[in-house]
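Have your viewer ready with the selection panel open. We will walk through the model one stop at a time, and at each stop you will hear what to select and what is there.

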Amino acid sequence: MSDNVREELQKRSETTHFTPFASYNLPDELQGYHSLVPLEPTPPDRRKFFNWFSTVYRATNASDGVGYALRHVENFRLMHQAAFGAIEAWSRIRHPNIVRVREAFTTLGFNDNSLVVSYDYHPNSQTLFELYLRPKQNTFQGRIEGLINTVIPETTLWSYIIQIASAIRAAHDVGLAVRMVDPTKILMTGKNRLRISSCGIVDVLMYDTRQDIATLQQEDLVMFGRLVFALCCGNLAAVNTLPKALDMMGRMYSADVKAFALSLISKPGPLKNIAQVMEMIGKSRLLREMDEIQISTDRLESELASELENGRIVRLLCKFGFINERPEFAREPRWSETGDRYIIKLFRDYVFHQVDENGNPVVDLSHVLACLNKLDSGTDERIMLVSRDEQSCLVVSYKEVKSCIDAAFSDLSKASR
Ligand SMILES: Nc1ncnc2c1ncn2[C@@H]1O[C@H](COP(=O)(O)OP(=O)(O)OP(=O)(O)O)[C@@H](O)[C@H]1O
């Protein structure tokens, strides 16, 4: 497996296995979730999520043992159970660019009336805000890093645009609106893979001020346009100084990007919908994105193929480790020179303890792997096994050695019960 793929997977599994800190003073259990850990420290200048403060925790669900992201909204009193209807609708959406919504519940577990929405947990993810828009420290070094960090190459930008448009389309197609096309709520969960998080929560929070869905969908497109401006200019509020933003965009991106972003923030109209936005992106860009995805699938498949045998070989080595050199077998006749298990000892020497004509050890990993692969598949190929004193030799097939090892391991497992 290549180093970058291994590193990414390792980082994700490391962050999944953190230990909960008792000092957070969090509920031990919450509707079947336990081991709550906040995903970020609470900053002194907390921003509100609409009118409420919210925090995201990683928690484990007791019924399946899987980690979930819980968004806790403080001081929220649910007035109508029907508000959870949107959560049900969102939980039916499975889309590669939407963080899956699982369930919502109210709780007194934080010593107030609060709302909790559970989402799939994507370890080691960062928001677009954290990646591209968080203001850098005002130092010389910071300014240089800021400049380098925030420029998104145009091909990457179009990939982001396509992924977000696709997520919005999935919501609009089933009569929902995203309502949170915001860089602080869009996660990068893998290399250039975006997922809109926090879906459904606004529908619950704003249930009492229900708005026409067509209007909300138009607002999604405007938010999308603001997001494109922000990403192009590296500034959350770029759209508020439009001439400057357009000038900056023109210097760094093609006229297509500018036209696309402008059309999104322009006045709503009957023709302005997500299907039209997809058309604006254009078939050739969508096809290029599809090509990229297939190339990356091919790459991952070949990485996977190179690892295919590893699990089998490890299991085989474990079996070997269990049965070889057990002190209780030392006096067993079956493991002695005349016993039927003796070939396992000789085979172990054949695989691992080869010496050259001068008696020096031969440390040849490819020989070991070739032998273990043949043993695993139990081939008919025959090998000559020689005793250490070179006084006796046996010619056996891998198939015979395999059945002997399997039988020895099976006896050992029975004895362990
Ligand atoms: N489903 C998830 N899986 C993994 N991490 C998540 C998930 N949802 C959110 N996070 C992480 O939790 C952290 C906090 O999210 P939050 O939305 O509160 O971000 P924020 O930028 O602090 O926004 P706000 O100002 O609204 O609190 C972010 O770093 C984000 O990466």
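Axes here are lines fitted to C-alpha atoms, for helices over the stretch in contact, and angles run from 0 to 180 degrees between N-to-C directions. Helices (H or I, at least four residues) and strands (E, at least two) are DSSP runs, numbered from the N terminus. Residues are numbered from 1 along each chain as its sequence is written. This is a predicted model, where local features need pLDDT of at least 70, side-chain atom pairs count only at pLDDT 80 or more, and totals for chains, interfaces and linings use all residues.

**Stop 1: helix α15**

Select helix α13 (residues 342-352) together with α15: their axes come within 9 Å and cross at roughly 115°. In this pair, I343, I344 and F347 of α13 meet V401, C404, I405 and A408 of α15 (contact means C-beta atoms, placed from the backbone, within 7 Å). That contact has seven nonpolar, no polar and no charged residues (Ala, Val, Leu, Ile, Met, Phe, Trp, Tyr, Cys and Pro count as nonpolar, Asp, Glu, Lys and Arg as charged, and the others, Gly among them, as polar).

Show K319, F322 and I323 in α12, which meet I405, A408, F409 and L412 in α15. Here the classes are six nonpolar, no polar and one charged.

**Stop 2: α7 and α9**

Next, pick helix α7 (residues 213-233) and helix α9 (residues 255-265), packed at about 145° with axes 7 Å apart. Among the α7 residues in contact are L221, F224 and F229, while the α9 side includes V257, F260 and L264. By class, the contact of α7 with α9 has 11 nonpolar, one polar and one charged residues.

**Stop 3**

**Stop 4: zoom out**

Finally, colour by domain, with bounds from an automatic or database assignment: domain 1 is 16-136 + 150-281 and domain 2 is 302-416. Their C-alpha centres lie 55 Å apart.

How values were computed: Contact = placed C-beta atoms within 7 Å.
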